Amino acid sequence: EGAERVMVDAKGPGAIVRVWCAGVNISNGVVRIYLDGAAKPTFAAEAFDLCGGTALCGAPFSFVCAVNPEAPHQCGRNLMLPIPYAKSCKVTFEPKLKDSRFWYNVETRTYAEGTAVETLTPAILAANRAKMERAGQGLMRQAMTGPWEDPYDSFIPSGESVEIAAYPRKSAAVIRGLSLRLDDAKPGTLPVTSALERVSVAIACDGEETVSMPLGAFFGTGPWERSPFRTRVAGVEKSGTMENLMPMPYRKSFVFKLVNCSDKPVWAAGISFCNDDYEWSEGRSMYLTANYVRRRGIPTVRDGQDYDLELDAVKGKGVLVGTMVFVDNPSTYKACPWWGEGDEKIWVDGEAFPSVFGTGSEDYFNYAWSRPEPFSWPFCAQPSGAGNLSVGKSANFRWRALDAVPFARSLRFDMEMWHWDKKCRVDYDSVSWRYVLPLGLGAHAQMRIDTKR
């Protein structure tokens, strides 16, 4: 109480790209942001007004996830407004009440020495309000406009597949959207909830497989349930139409493949691409690639301890842009059946200690208190949280924009398995999305089953 505590002390040039917080008895606590060594804070506001309020900006740059109606403070509060600085940045928190408890993540990006960065000031912020409002409206609209190709319907018998190639173009192109709807109304067809896991997606760019995973994972809803949600890069409409809007550049060819691994036929309707012009730059343009891991019945402890799950391990040059986690939680543990206390750890280019070390799985996905309420924002979503505090299935999704993690040689990404119930087993699938330079290694798309028990 009454003492200013340092949250961040970083040298520039750089930028704050994400602030997340949650707390108890911190409603009057003040966050101060000192830029470029200034003796007085450049910005100062109550924590809950800075993150999730309107102190610097409103939604969708400042937003709240998964609010508990009976305890409104039990939620994740976020600020995604970039705060650039030329020389340095210090962020502090001063609690005003006794027994204050404050959890936070602050992510910063550091640029190469000599990079010209204009430090954010209140005057610059005020002068750009109109631009911010237009940008926010565009993010919230999340409608894909562009040259969609004619929709394609496909009846896929058991054990068979269908390949759909983008129309040839004279130069490089980019798929800005993929859309389809599953229909199980026809007699004998596979139910949609089963097709999400039993039908797989494979994508090949220029002859190299870049994506391979179950259909539900590809569209962000998960392998068990089709729950409506909408982010900037993926979503499921109430009509059942599923969209993946992650840009997928390619030089010459793009092939989308659906494989029916079930014992019943599948009807996929309205398959379509948004195929647009793109200027390919050798040494800079990257393929969208993914690492999908399927885990069934894994223990919540190994050798009597919590442990880390590997979400990604990739070599080469690229940038981490997204994470999905799908959990089927069978726990009936009365004290707390919550599965997501585990922290994320991200190592870049072989560093000895991870540059990103989080405070909990739900904190990574921008909510808090293991809340089960669904939510959707441009860069994060919880389509379903039914398995957070009870038996059920949960789906979490985070897409990184300015908080993307670049790497020059390698990246490793672990998420700790920390479940309150130490005597149960869970199904835990994950997807790590990244852009990677094309190397011709044929190993960009990773789809594997974790067989450890």
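Two strands are paired if DSSP finds at least two bridges between them; strands (E, at least two residues) and helices (H or I, at least four) are DSSP runs, numbered from the N terminus. This is a predicted model, in which local features need pLDDT of at least 70 and side-chain atom pairs count only at pLDDT 80 or more, while totals for chains, interfaces and linings use all residues. Residues are numbered from 1 along each chain as its sequence is written, and side-chain values use heavy atoms, with hydrogens and water left out.

**View A. An open sheet of 4 strands in antiparallel pairing.** The strand order is β1-β8-β3-β4. Because β1 (5-11) and β4 (43-46) each have a single partner strand, they stand at the edges, and one side of each is left without a neighbour in the sheet. On average, neighbouring strands of this sheet are turned by 10° against each other, direction ignored; the axes are lines fitted to C-alpha atoms, and angles between N-to-C directions run from 0 to 180 degrees.

**View B. The antiparallel pair of β3 and β8.** Strand β3 (residues 30-35) is joined to strand β8 (residues 88-94) by 6 bridges. Y34 has K90 in β8 as its bridge partner.

View C. The model has 0 disulfides, a disulfide being a pair of cysteine sulfur atoms within 2.5 Å.

**View D. The sulfur atoms of C380 and C65.** With a relative accessible area of 0%, C380 is buried.

Note on methods:
Buried means under 20% relative accessible area, exposed over 50%, partly exposed in between (1.4 Å probe, protein chains only).
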